[in-house]
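Hi,

Here is the structure I promised to pass on. Have a look at it first, then read my notes below with the model open beside you.

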There are 2 protein chains.
Amino acid sequence: MKIHNFSAGPSILPQDVLKKASEAVLNFNNEGLSLLEISHRSKSFVDVMENARNLALELLGLEGKGYKALFLQGGASMQFVMVALNLLEKRAGYLNTGTWSNNAIKEASIYDDIYEIASSKEANYNYIPKGYTIPEDYDYFHCTSNNTIFGTQMKAFPDSPIPMVCDMSSDIFSRVTDFSKFDLIYAGAQKNMGPAGATLVIVKEDILGKVSRKIPSIMDYKVHISNGSMFNTPPVFSVYVCMLTMEWLKKLGGVKAIEEVNEMKARVLYSEIDLNPLFKGYAVKEDRSNMNATFTLVNDNLKETFETMLKDAGISGLAGHRSVGGYRASMYNALSLDSVKALVEVMSELETKA
Amino acid sequence: MKIHNFSAGPSILPQDVLKKASEAVLNFNNEGLSLLEISHRSKSFVDVMENARNLALELLGLEGKGYKALFLQGGASMQFVMVALNLLEKRAGYLNTGTWSNNAIKEASIYDDIYEIASSKEANYNYIPKGYTIPEDYDYFHCTSNNTIFGTQMKAFPDSPIPMVCDMSSDIFSRVTDFSKFDLIYAGAQKNMGPAGATLVIVKEDILGKVSRKIPSIMDYKVHISNGSMFNTPPVFSVYVCMLTMEWLKKLGGVKAIEEVNEMKARVLYSEIDLNPLFKGYAVKEDRSNMNATFTLVNDNLKETFETMLKDAGISGLAGHRSVGGYRASMYNALSLDSVKALVEVMSELETKA
């Protein structure tokens with residue numbers, strides 16, 4: 001039976017990517033060695049790293065605009081610290097739109113003063129705050145483009161008078177926007193890009209080198225840039241799989257092409273949530289995420305029936321996060337429209353049954 | 001043609017491990033999903049993580065002795081920083097035995113005073129300093145058990161009056177010693193344990209929580225311990241492959257069994273280096289590493305011939321590090337005695353030819 005994988009992350013990857021990744025573990029590039037056992041300084045792997053770095057910039061339309069792409073380790077949680085270490089001198093402004101934004105604020109506060117520019121915490125993050133002002137004299141503004149747990153997504157980004165930093169872990173490469181508005185973008189790979197273990201950082205070089213503190217080498221973006229993202233042994237396999245996924249996306253037509261599919265998938269699912277009286281969406285409509293749809297059953301008595309039907313239909317990874325409850329359907333780039341239709345069919349069947 | 005992989009890291013892994021890892025990328029545990037696309041909170045992966053953590057302690061004889069094993073990200077370079085952040089209050093003592101020790105000293109110096117207890121830098125690190133005293137009033141003592149670049153290895157460890165921290169990246173699980181002498185052991189996976197992207201940290205819990213600084217969550221050993229090494233998404237695939245390698249080692253008879261093989265391999269290669277007049281060892285004999293043998297050609301004119309012969313024999317990864325030159329044969333756990341014999345045969349043939 002085909003499994004429809006709605007996991008929030010680590011999450012679904014294209015079958016073709018998985019096939020190539022599996023082959024590379026046995027015999028990489030027909031070199032007779034596994035990708036896992038070759039030197040990261042070998043030409044074969046240096047080519048992978050360079051290709052991955054270039055593809056990331058190319059897919060976001062950031063080539064030749066003063067940006068560098070890095071593949072680091074430690075996930076978004078490490079970036080919460082690195083952003084502050086590299087950019088925070090006196091004060092920074094953060095938009096608090098969910099658990100991860102909140103964690104970013106908490107970690108950066110160790111280093112200096114953090115100002116919460118706006119927050120939707122009082123409504124358990126079911127919307128994106130708007131109409132805030134970003135102070136001109138702060139070091140940077142930080143936001144989270146998509147909130148995996150709550151199913152909200154920033155549909156527009158402010159014109160920031162100061163460097164704008166964005167955690168795009170859960171919607172990188174999923175939609176078109178003017179990425180040159182951002183000065184630093186980071187994203188854990190394990191949602192829309194690849195397996196866990198790699199973190200993409202895209203940084204505009206001219207914002208670096210302006211803080212007075214000493215930064216440990218492994219946490220210094222400048223050090224990673226000057227070493228071509230090979231200051232130390234990179235997470236070889238994860239970077240390779242990210243490269244394969246980006247190649248897959250490029251072949252599909254890039255971010256513009258996948259955006260259309262993602263919009264279609266979201267439309268199909270949210271229509272069902274809105275039309276089916278058994279379900280209720282969690283996020284306010286205008287801020288609904290195209291990546292993670294959060295919803296609950298209006299009547300909890302149907303829980304067991306619904307979940308048995310989901311299982312029978314091969315639908316996996318639909319449990320909501322404990323902070324929200326209910327269900328969360330993550331519809332990352334590699335999830336097909338067919339999988340969304342399979343879910344909608346079960347929801348609609350439940351209505352017939354109930 | 002069989003390739004004899006002497007790469008210094010990422011490096012050779014057991015064929016059986018690579019086969020299982022390759023399968024898991026397509027279909028993990030016969031669950032119909034790739035290991036790369038399941039939640040790290042799924043029972044299947046939580047079991048992998050727990051198994052890996054337990055195996056690490058078991059293989060080192062550290063079960064039930066107050067230690068916790070963690071699988072983190074960022075390699076030894078990140079541990080240089082984390083060790084200092086978690087343990088350094090006033091002053092620490094470091095043994096400087098090579099490039100990596102030297103980097104560990106440099107990074108820790110950002111946080112506080114570091115004292116170089118002894119160093120072999122003046123001899124380009126071709127020996128391990130001995131006869132030093134570890135001050136009783138320091139926070140901890142740091143050493144590097146094996147120096148990959150220079151081919152030296154600590155054959156004995158001091159009785160330290162203060163917590164002893166050791167970077168075992170390149171000889172973890174390769175030999176028997178009393179590991180309970182150490183309070184913190186760390187090792188990048190990509191040499192004797194698995195693919196790049198995971199870092200094993202084994203820490204005695206009672207040395208933690210004694211510094212006054214605020215530690216970022218992602219760099220706080222206590223946070224990782226209380227989250228079962230799942231504070232954030234772990235490097236799933238790398239941890240799984242580490243688990244497979246540890247299972248392979250346990251089945252072979254554990255560290256004691258592999259130590260015998262490693263000693264045999266080292267004996268065979270060093271005998272050839274010493275008996276063959278065309279070659280010269282780099283490290284002083286008593287400190288020679290059983291993991292990385294460094295040697296040079298006495299007569300550089302033979303370089304081309306030797307390297308062609310190596311290539312023809314399928315011997316790869318033998319280039320020495322630029323700080324030493326010549327050759328480096330890395331003989332990690334997964335390298336067979338046959339591969340060492342193949343190398344020795346070429347060295348011996350060269351003598352016949354020359």
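In chain A, the C-alpha centres of domain 1 and domain 2 lie 27 Å apart. Keep in mind throughout that this is a predicted model. The domain assignment puts residues 15-252 of chain A in domain 1 and residues 254-353 in domain 2.

The two domains do touch: 25 residues of domain 1 of chain A are in contact with 24 residues of domain 2 of chain A. On the domain 1 side, strand S6 (146-147), strand S7 (152-153) and helix H6 of chain A each give two or more residues. H6(A) has the largest share of that side, with 3 residues. Sorted by class, the domain 1 side comes out as 9 nonpolar, 11 polar and 5 charged residues.

H6(A) packs against helix H7 (residues 254-275) of chain A, with the axes 7 Å apart and an angle of about 80°. Angles from 65 to 115 degrees count as roughly perpendicular, so H6(A) is roughly perpendicular to H7(A). If you want to find the contact on screen, look for A:Leu249, A:Lys250 and A:Leu252 in H6(A), which meet A:Gly254, A:Ala257 and A:Ile258 in H7(A).

Chain B has its own version to look at. There, the axes of helix H6 (residues 236-252) and H7(B) come within 7 Å and cross at roughly 80°, which makes H6(B) roughly perpendicular to H7(B). B:Leu249, B:Lys250 and B:Leu252 in H6(B) meet B:Gly254, B:Ala257 and B:Ile258 in H7(B).

While you are in chain B, follow helix H7 (residues 254-275) to another partner. Its axis and that of helix H9 (residues 337-353) of chain B come within 10 Å and cross at roughly 0°. Angles under 35 degrees count as roughly parallel, so that is the label for H7(B) and H9(B). H7(B) brings B:Val261, B:Met264, B:Lys265, B:Val268, B:Leu269 and B:Glu272 to this contact, and among the residues they meet in H9(B) are B:Leu337, B:Val340 and B:Met347. By class, the contact has 9 nonpolar, 1 polar and 3 charged residues.

Next, how do the two chains sit together? Chain A can be laid on chain B by a turn of 180° and a shift of 0.0 Å along the axis, with an RMSD of 0.0 Å. That is the relation of a two-fold axis. The same surface serves both copies, since 100% of the contact residues of chain A recur in chain B. To find the axis, go to A:Ser22: of the residues of chain A, its C-alpha comes closest, at 2.3 Å.

Between the chains, 47 residues of chain A are in contact with 47 residues of chain B. Helix H1 (15-26), helix H3 (75-87) and H6 of chain A each supply at least two residues of chain A's side, and H1(A) gives the most, with 5 residues. That side has 24 nonpolar, 20 polar and 3 charged residues.

Most residues other than glycine have a negative phi, and most peptide bonds are trans.

- The peptide bond from A:Gly9 to A:Pro10 is cis, with omega near -10°; A:Pro10 lies in the loop between strand S1 (4-5) and H1 of chain A.
- In chain B, a cis peptide bond joins B:Gly9 and B:Pro10, with omega about -10°.
- A:Asn30 is not a glycine, yet has a positive phi of about 55°. It sits in the loop between H1 and helix H2 (43-59) of chain A.
- A:Tyr125 also has a positive phi, near 55°, and is found in the loop between strand S4 (113-119) and strand S5 (141-144) of chain A.

Which of these counts as buried, with 26 C-beta neighbours inside 10 Å? That is A:Tyr125, while A:Asn30 counts as exposed because it has 7 such neighbours. The cut-offs are 20 or more for buried and 12 or fewer for exposed.

Terms used
Residues are numbered from 1 along each chain as its sequence is written. Chains are lettered from A and ligands numbered from 1 in the order in which they are written. This is a predicted model: local features need pLDDT of at least 70, side-chain atom pairs count only at pLDDT 80 or more; totals for chains, interfaces and linings use all residues. Two residues are in contact if their C-beta atoms, placed from the backbone, lie within 7 Å. Helices (H or I, at least four residues) and strands (E, at least two) are DSSP runs, numbered from the N terminus. Ala, Val, Leu, Ile, Met, Phe, Trp, Tyr, Cys and Pro count as nonpolar, Asp, Glu, Lys and Arg as charged, and the others, Gly among them, as polar. Domain bounds come from an automatic or database domain assignment. Copies are superposed by least squares on the C-alpha atoms of residues with pLDDT of at least 70 in both. Axes are lines fitted to C-alpha atoms, for helices over the stretch in contact, and angles run from 0 to 180 degrees between N-to-C directions. Angles under 35 degrees count as roughly parallel, over 145 as roughly antiparallel, 65 to 115 as roughly perpendicular and the rest as oblique.
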